[in-house]
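Hi,

Here is the structure I promised to pass on to you.

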Amino acid sequence: MSKITNEELLNGIKAKFDNDVTNISEPFGLLTLETSREKIIDLLTFLKTDAALQFIFLTDITAIHYPERQKPIGIIYHLHSLVNNIRIRIKVFLADGDVKMPTATGLWNGANWMERETYDFFGVDFEGHPDLRRILNVDDMTVFPMRKEYPLEDPNRVDKRDYFFGR
Amino acid sequence: MRTHPVYTDNDPQTEYSTLNLGPTHPATHGVFQNVLTLDGERIVSGVSTIGYIHRAFEKIAEHRPFYQITPLTDRLNYCSAPINNMGWHMTVEKLLGIKIPKRVDYMRVIVMELSRITDHIICNGVLGVDTGAFTGFLYMMKFREDVYEIYEEICGSRLTTNIGRIGGFERNFNHIAFAKIRKFLKEFPAALKEFEALFNRNRIFIDRTKDVAAVTAEDALSYSWSGPLLRAAGVDYDVRAMEPYSSYEEFDFEVPVGSNGDVYNRFLVRNEEMWQSLRLIEQALNKLEKEPSDIFHADVPEFYLPPKEEVYNNMEALIYHFKIVMGEIDTPHTEVYHSVEGANGELGFYLVNDGGRSPYRLHFRRPSFINYQMYAPMSRGMLISDAIINMSSLNVIAGELDA
């Protein structure tokens, strides 16, 4: 369906950001790559404004937490080029204690609430965001509830642990 | 964004007043709060507060096996719960690589388009109520009831449907369901025609809605709008056409597009989408006749719950039942994004799986949440009465807004 292939897209990105994109994969045909905090805004700007790619639609910003990794907090962007009908997923991983990201609100107004939601649940500090407050949780909440250290259920409960099922 | 000029004469004696619109105001049709600063009846600025019915679905989902997440998706956009259910099922099926029989695809199209109609009935009916015409709303409500009776025939429930299963449907459509669908197809067009006749060329309605809250395509895209709102602004983005799922590529339908994104355009786009949905249901029914009538789910015993009689009498069925309920089946370690065209826009599911019994991370891209963030900025300079109908035509559903 899409007018350009993932390979062409990746080549376009690599021509400008050769050493800055890593961990390239294509789960279910969706090009996924990783970049650094320093390069993310440049990369997003390039994807949005490049005449051939035109990723004008910011589908989503969210985050994920892998507590056992060296860089536990990942911020995940989904972009969509409506012109070429192709999607891309970009990840940036951040070390604990330094969960700061540059904001994408300068590129898309819609990033505003998406980043507020990400801040609310994962504590990602989007620098330059015009109004970084909690959005769904109450203002005086002190934790970031989607991080894995906050279990939903009683942590002493063992009947649902994966190791009972051979995992 | 085209905002009305805010009247400021820099008179130090001008006093602004503050109005709490919501959280339980009858005109907001849901739990939304907007703290408005007013100059007379004009809005100078507004701050939206959301999260009143936040239920932490993404967190809950991390503790549930896949099939138990379907009831959570019901409670996102509860005006068109089946689309959410199907979207979730298709996400899991994509993750697991399940091949779905054509007949199931067509059955899903019927259910999804019916629920798109009910969602648009509510939105456009309520828009009529807010502009002072109650008749259309009550008249159309009867047909929502008819659709809910179809759901009852198919799955047994009405509002939060939990319809279908991973792999297909829990049971086949019975002949009463088909009869009710055909009856709906026969009766609804006349009512929709009357509904359009009541509003489309109605002077009062046009005066209240035309050029109100007009949005340019650039602004709509910048705010990541999707669905009827984006199409009313002139961008022909429809997930069903761009990335067809559930065999939508085999269907013949059109994507209605507006011109200036005002409330009137959104109303017309939604009405036209109802006509297109009727076309889709009609085609799906015709396609169903060519398929074997006893297939209603994919052959995936390790993910599709067997019927209860078999669980009690058949060894394999009992084993599979146990494995599914306890979440004991290995799933791929990968991530998947799948989106469907919800009634309000692109409803996306981002699922990161670590092979355990429940998702490692599940994120819902909720169109209401993303569409609603333009509300406060675009209300600047608007009259309160215009801001009210603007909110109705955004069709923000509190459940989807807050997840």
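This is a predicted model: local features need pLDDT of at least 70, side-chain atom pairs count only at pLDDT 80 or more; totals for chains, interfaces and linings use all residues.

Let's begin with helix α3 of chain A, which covers residues 111-122. From the first C-alpha to the last, its twelve residues reach 16 Å, close to the 16 Å expected at 1.5 Å a residue. Is α3(A) enclosed or open? Twelve of its twelve residues are buried, so α3(A) is largely enclosed by the rest of the structure. Among the buried ones you'll find Trp113(A), Tyr119(A), Phe121(A) and Phe122(A), but also Glu115(A), Arg116(A) and Asp120(A).

Now pick out Ile75(A), which sits in strand β4 of chain A (residues 73-81). A residue needs 20 or more C-beta neighbours within 10 Å to be called buried. Ile75(A) has 23 of them, so it counts as buried. If we skip neighbours within four places in sequence, its contacts are Ile61(A), Ala63(A), Lys91(A), Val92(A), Met101(A), Thr118(A) and Val124(A). You've already met one of these, as Thr118(A) is a buried residue of α3(A). Asp98(A) is 23 residues away from Ile75(A) along the chain, and their C-alpha atoms are 13 Å apart.

On to where the two chains touch: 30 residues of chain A are in contact with 36 residues of chain B. On the chain B side, α1 (57-61), α8 (217-222), β4 (335-342), β5 (345-352), β6 (361-365) and α14 (367-372) each supply at least two residues. Which element gives the largest share? That's β5(B), with four residues. Sorted by class, this side of chain B has 14 nonpolar, eleven polar and eleven charged residues.

Last, try the helix pair α11 (residues 263-289) and α16 (residues 384-394) in chain B, whose axes come within 10 Å and cross at roughly 25 degrees. Angles under 35 degrees count as roughly parallel, and therefore α11(B) and α16(B) are described that way. The crossing is left-handed. Val263(B), Arg266(B) and Phe267(B) from α11(B) meet Ile389(B), Asn390(B) and Ser393(B) from α16(B). By class, that contact holds three nonpolar, two polar and one charged residue.

Cheers

Note on methods. Residues are numbered from 1 along each chain as its sequence is written. Chains are lettered from A and ligands numbered from 1 in the order in which they are written. Two residues are in contact if their C-beta atoms, placed from the backbone, lie within 7 Å. Ala, Val, Leu, Ile, Met, Phe, Trp, Tyr, Cys and Pro count as nonpolar, Asp, Glu, Lys and Arg as charged, and the others, Gly among them, as polar. Axes are lines fitted to C-alpha atoms, for helices over the stretch in contact, and angles run from 0 to 180 degrees between N-to-C directions. Angles under 35 degrees count as roughly parallel, over 145 as roughly antiparallel, 65 to 115 as roughly perpendicular and the rest as oblique. A crossing is left-handed if the near helix is turned anticlockwise from the far one by less than a right angle, and right-handed if clockwise. The expected span of a helix is 1.5 Å times one less than its number of residues.
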